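Hi,

Here is the structure I said I'd pass along.

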Amino acid sequence: MRTLTDGSAEFREFWTERHLCTLVTLRADGSPHVVPVGVTVDVEAGLARVICRGGSTKARNAAERGTAVVSQVDGGRWSTLEGTAVVRTDRDSVAEAERRYAQRYRVPRENPERVVIEIA
């Protein structure tokens with residue numbers, strides 16, 4: 001199994017290009033919950049991050065089951081990252097995720113309920 005830190009320059013570049021992604025979390029019955037999201041990847045920290053509202057299904061599923069998968073596709077190129085998911089609510093973690101999201105996509109709108117799903 002490869003880890004994020006094994007990523008080539010091409011891999012790193014692909015995860016900085018503006019692409020929408022899918023996030024898969026597991027419902028209580030084990031079935032997949034799949035939603036479109038923006039994802040940022042921090043190769044050095046070995047983390048993929050998804051910002052969302054704390055009460056969202058994706059945040060609840062990630063917190064309760066502790067696993068998540070993100071994928072992005074661009075024609076014949078694709079990449080999938082899977083791992084342990086943790087939901088962070090502390091201001092520093094959320095601010096870092098927002099900063100990275102703004103770099104890849106756009107400045108996110110204000111959301112006092114925002115959390116970050118970190119996938120290691």
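A salt bridge here is a side-chain nitrogen of Lys or Arg within 4 Å of a carboxyl oxygen of Asp or Glu. Glu-64 makes one with Arg-65, with 3.2 Å between the closest N and O atoms. Glu-64 counts as exposed at 53% relative accessibility, while Arg-65, at 30%, is partly exposed (buried is under 20% relative accessible area, exposed over 50%, partly exposed in between; 1.4 Å probe, protein chains only).

Some housekeeping: this is a predicted model, where local features need pLDDT of at least 70, side-chain atom pairs count only at pLDDT 80 or more, and totals for chains, interfaces and linings use all residues. Residues are numbered from 1 along each chain as its sequence is written, and side-chain values use heavy atoms, leaving out hydrogens and water.

The whole structure has 13 salt bridges. Glu-118 pairs with Arg-88 at 2.9 Å, N to O. Glu-118 sits in strand β7 and Arg-88 in strand β6 (residues 77-88), so this pair ties together parts 30 residues apart in sequence (strands are DSSP runs of E, at least two residues, numbered from the N terminus). Glu-118 is buried at 9% relative accessible area, and Arg-88 is partly exposed at 33%. Salt bridges with shared partners join Asp-42, Arg-49, Arg-88, Glu-96, Arg-99, Arg-100 and Glu-118 into one network.

Glu-118 also bridges to Arg-49 (3.8 Å, N to O). Arg-49 lies in strand β4, so that link spans parts 69 residues apart in sequence. Both Glu-118 and Arg-49 are buried.

Cheers

Technical notes
Helices (H or I, at least four residues) and strands (E, at least two) are DSSP runs, numbered from the N terminus.
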